[in-house]
Amino acid sequence: MKLLLLTEKASAAKNFAAALGGLKGSFNHDSYQIVHAHGHLLQFKEPHQMVAQDKAAKYSDWYDLNNYPWNLLDFTWEKEVIPGMEPALANIKNAAQKCDAIVIATDDDPSGEGDLLGWEIINAINWTKRVFRIRFADETPTNIKKALLEKVDVTNQYQQGEFLEATGRERFDFASMQLSRIALIIARQAGFQPKSLRLGRLKSTIVNQVYQQETARQNYVKKSYYEVRFRDTNQNIFKQGQKAKFTTEADAKLELSKFHNSQIIVDAKIAKHQAPPDLLDLSHLAILVGKKGYSSQEVLTTYQKMYEAGILSYPRTEDTKITQEQYAQLLPLAKQIAHVTHVDPKLLTHTTLRKKFLANNATHGANRPGLNVPRSLTEIEQKFGKCGRVIYEAVAKSFLAILAEDYLYDQEQAHLADYPKFTCTINLPRELNYKLIFDENDLSDAPTQEVLPFGSSAQPFVYEGHNPKPKSPTHRFIIDFLKKDKIGTGATQEQTLANISTGKSALIKNTKEKYSLTFPGLVQSILCDQTYIASPKVTEQLQDTMKMVKQGKFDYRNVPFLINQIVKHDLAIEQKNAANLNKNPKLAKLQTTKKPTFTPKPKVTGTWRGKEIAINQTWGKHTFNERELKHLFAGKSITFVLNKRKITGKLAKQTYQGHQFVGFKADFS
């Protein structure tokens, strides 16, 4: 059988060729040829291009709120080749003509994105023969060959759960562009001019959480309380469990006069141990690397390059454990990795994989070093920059820590001889072991404090406390929030954070690991307060529904219709929230331009290239007359004078800020 191996990108094709002995050849009695895509080669057409001609005008005019929610039964869900990707698709199609089967060898993403990418290409070239799917933990020769030996026939794409899940999610996300358009229209009608707003399942949840934390911190009112505590010479604090707090310092000082210094009695000393922490996922890795000043986007981009070079494992995994086989592959390299990262190899004495790290079945396994061990951190920095050096050091030490012994400490409990209700418990390190390699406390936002043994006595003092101020929306805070509600994998979380925190239309910005809202981010947050799309619970439910598609418990074709309920609910909420835009003092300061009144350009409909479309009736300050419109819809060029200059042009497909449309295009050549 002659196989066409379809990889996701050029780097993957290179790794496959290295594993199999060339871009063409034979393996396991089959001949093969390797081709590659460039990520996605196709995309959905614009809404007005996926409906009947008599409905095209409606879906072309997205300024009219009466057009929402869309009737998704109108959509054909047709795709078109992304501009510039035609040669890549043609190359794959030509190579497939002489083959008996196509093997989808794209990345095995948890979301099924790799399956979707492969199938949309196969469908686009009208392939009707057999299709296989292979899944590999990484692009090492061993795992590539193993995957090919275990290839699975998936010729019927509608029985493949990963493809159906990804298709349902893709259609839902496409249909959710309604929410971004609605929010932008309402914002502009209220007099605010963000260039774009980006609402979506994970995006809106993150932005809303930053908004809630910023609002809570702004509205915080400090309320002090006072109580008597004891402190020994090593700063260990003794407190009463249920002692009532005083609202005034004077009352607390009066209470203080009743106490004197007291001897400390140690009640118990218990030996305890703690196993190494979980292996880093991509989001927690980004927290560590972010503390060194690197953005989520830098981490994602650099990690991907290091994975393609075999230095790190597959990045977009949702696995938190590793298999015995994956562990066995890395164990012989442990001392070499330790040498590179300046870890004492004498610490690596726990060579049996603990049960907490063992997975009976893991597709990719948790993030860890790759089998291609660099010679030094300097070599990594030369190839992948300082960010790459920090990434490798963190990932490697996280793995090496599981080869070290448990952290040992003594837990001591004590009370005051004269005031037994005052107690204190401390943990005293005995043997640091794995913490000498990797300390999970480095992930925390709070500074670590050294703990010293109890002194002989303690002295009373008045402690001033206060109600805790809401936490800052730090990188760690956002990740913990998402983890708590099980929203997205580590890779998805970081990809979304990178997406909404970079570029001119960023919704949030990261300053010293703390997120804050930009102007469009604040506009979006105010409008989306109490909406479904910004709710973590709704987002979690949507994710669960998409997982049900993969399991065959929910029809993928019904997933997009879930957006209609959200649109109906959220449109009304946003219109109500619009009044709050002008009430927000911070938003007024961020609005850098005078608030113009938003007036949508008038539209005119006609038939162009056999389809009914709607175009702007004006271009600049020129309004097209009937004769000009007749020529334009007929596909002819027109010429008119504007600002004492002759302008010639005709209708053409164009793209503006990701939105495709048909409109007048001037020829300035």
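Which residues are linked with Glu8 in a network of salt bridges? The legends below answer this and present further close-up views. The structure is a predicted model, in which local features need pLDDT of at least 70 and side-chain atom pairs count only at pLDDT 80 or more, while totals for chains, interfaces and linings use all residues. Residues are numbered from 1 along each chain as its sequence is written, and side-chain values use heavy atoms, with hydrogens and water left out.

**View A. A network of salt bridges that includes Glu8.** Glu8 is linked with Lys9, Asp107, Asp109 and Arg316 in this network. A salt bridge is a side-chain nitrogen of Lys or Arg within 4 Å of a carboxyl oxygen of Asp or Glu. By this rule the model has 36 salt bridges.

**View B. The salt bridge of Glu162 with Arg135.** The closest N and O atoms of Glu162 and Arg135 are 3.4 Å apart. Glu162 belongs to helix α6 (residues 161–175), and Arg135 to the loop between β7 (130–133) and α5 (141–149), so the pair ties together parts that are 27 residues apart in sequence. Helices (H or I, at least four residues) and strands (E, at least two) are DSSP runs, numbered from the N terminus. Arg135 is partly exposed, with 29% relative accessibility; buried means under 20% relative accessible area, exposed over 50%, and partly exposed in between (1.4 Å probe, protein chains only).

**View C. The salt bridge between Lys356 and Asp278.** The N to O distance is 3.8 Å. Lys356 lies in the loop between α13 (334–340) and α14 (377–401) and Asp278 in the loop between β11 (262–274) and α10 (282–290), so that distant parts of the chain, 78 residues apart, are linked. Lys356 is partly exposed at 33% relative accessibility, and Asp278 is partly exposed at 47%.

View D. Strand β22 (residues 645–656) is joined to β23 by 8 bridges, and Thr655 stands opposite Gln660 in β23.

Technical notes
Two strands pair if DSSP finds at least two bridges between them.
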